[in-house]
Amino acid sequence: MAPALTVRGLRVAYGSIVAVDGIDLEVREGEIYGLLGPNGAGKTSALSAIEGLLRPAAGDIVIGNVDARVHPLQAKAQLGVQLQKTSFHSNLTLIEIVRLYAGLYGVTLTSAQIQELLGQINLQSEASKRFRELSGGQQQRFSLLIATIHDPALVLLDEPTAGLDPQARRQLWERIERFRKEGRSILLTTHSMEEAQAVCDRVAIMDHGKILTVGTPAALIAAHRDDPQVREAAHGEVTLEDVFIALTGRELRD
Amino acid sequence: MVLLRADATAQVRNPMSLVLAFALPLILLVATGLGKNSAALGGPEFRISLGLTVGLVSIGTVGYSLSIARDRDTGVFQRLRVTPAPIWTIMVSRWIVQLGAVLVMAIVVLAVAGIFLNITLAPQDYLFTVLVALLGSAVFLSIGQAIVGLIASADTLNAAGRVIYVPLIGLSLFGNTDRLGTAVEMVSRWSPGGCLETLLSAAMGATSWSGQEWEALLASLGYTVVFAVIGIRWFRWVSR
């Protein structure tokens, strides 16, 4: 069975600045794959190239069986995307936005079906509101609904829990878990090592445009447990965050 | 089609765009008939053409560029770009909505002029006037596209838009008079608004179609091409 996503030798450059430097990654069916890295590591650039928002300087991107560089629209039709910064037409209601995005993916929904979908994310009573009138947690739930409105096999989530309170974050992870149970594959970026360790099947740690290591959180911890830098970073039991700090350094990133 | 419907709905629900598209042209249509010296600016057709020009500048140059810049700043375009909709449809949908707004504005201005101000045209001249208004919308939409291509953020564009708006309207106002000197008249006549007024005057039957009208048509097409090329060449889907 073909992986949900295969990336080979992906390179993204902004002029002379290389943001992604020849990375390879593979997301398997039904897998939650975490792309971790400090600010400026190249995570969002890599994701943007996969989403078709950036033209890569080199590399192959295959989504399911579709070569995204040859058939970008077909590839986009198979992807569900939640961007780091998302907004929708400011004067449309939630119902109208759902209808718009369903239509863009060729999905026809009745008003009752839209209400039901909004009900599933506890936004039925907000159906006539504008997106900007929602709270942060509601906006994230709604964005995730739009990202999966066409039932995609692969969902890309760029820092989906950023800025959410613990309740909203917990709810969101439950939804992401549900996607996995439904057989979808998920590629996400996050700064929360705790969440990545708890939820992701595999993680890749990225820095300076390169993938430094890939594996299950447990395997990465086991592999690096005895590194002196990991020992130095750890306070008690070694965690994924300790491995991350040891591999990417302690200095602050902008 | 679904995107076009959404863009049209968003436009209709935007109170600022309604004020820019309808209130300002109608206010000018009425206001230019007040006062004893108003006739010096031009005849009744001039009042209509000025109202239409103001509407076109408001819709195309200010309203359009501002809405594009805001949606770019907030990430609306990025969200649309990750869908399977072809990229060109995102912008073409916006242009069609603006053309629709121009069409409605032109009909309203002509209707108000006819019903309330007794400024009427020959039947075929109504058609020509609306067609010239649509041509004018291409000129001012391309200027709006150039502005949104060259200016990175909505806040900057909002400020710059006001600075650009006043001379565009001012130049349109003095195209038919040499009260500020022949140099101003000449600049005014060959400005985008001035060219449009020349064409509108001919469309409304106030002047006959002659060499000057052809020159104004060519100049308008030239403005459209130049500004569209600038706008498309430097346009970015994300704010820098």
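This is a predicted model: local features need pLDDT of at least 70, side-chain atom pairs count only at pLDDT 80 or more; totals for chains, interfaces and linings use all residues.
Let's start with the strands. Chain A has an open sheet of 4 strands, paired antiparallel and ordered 2-1-4-5. At its edges sit strand 2 (17-27) and strand 5 (66-67) of chain A, each with a pairing on one side only.

Strand 1 of chain A (residues 5-14) runs antiparallel to strand 2 of chain A, and 8 bridges hold the pair together in the DSSP sense.

Now for helix 1 of chain A, which lies across strand 1, strand 2 and strand 4 (58-63) of chain A. Against strand 1 of chain A, the helix runs at about 115°.

Helix 1 of chain A spans residues 43-51 and is mostly covered, with 9 of its 9 residues buried. The buried set includes the charged-type names K43(A) and E51(A) as well as L47(A) and I50(A). Just past the helix, G52(A) adopts a positive phi of about 90°.

## Where chain B meets chain A

The contact draws 21 residues from chain A and 18 residues from chain B. On the chain B side, helix 1 (2-12) and helix 4 (76-81) of chain B are the elements that supply two or more residues. Helix 1 of chain B gives the most, with 5 residues.

How values were computed: Residues are numbered from 1 along each chain as its sequence is written. Chains are lettered from A and ligands numbered from 1 in the order in which they are written. Two residues are in contact if their C-beta atoms, placed from the backbone, lie within 7 Å. A residue is buried if 20 or more other C-beta atoms lie within 10 Å of its own, exposed if 12 or fewer, and partly exposed in between; C-beta atoms are placed from the backbone. Two strands pair if DSSP finds at least two bridges between them. Axes are lines fitted to C-alpha atoms, for helices over the stretch in contact, and angles run from 0 to 180 degrees between N-to-C directions.
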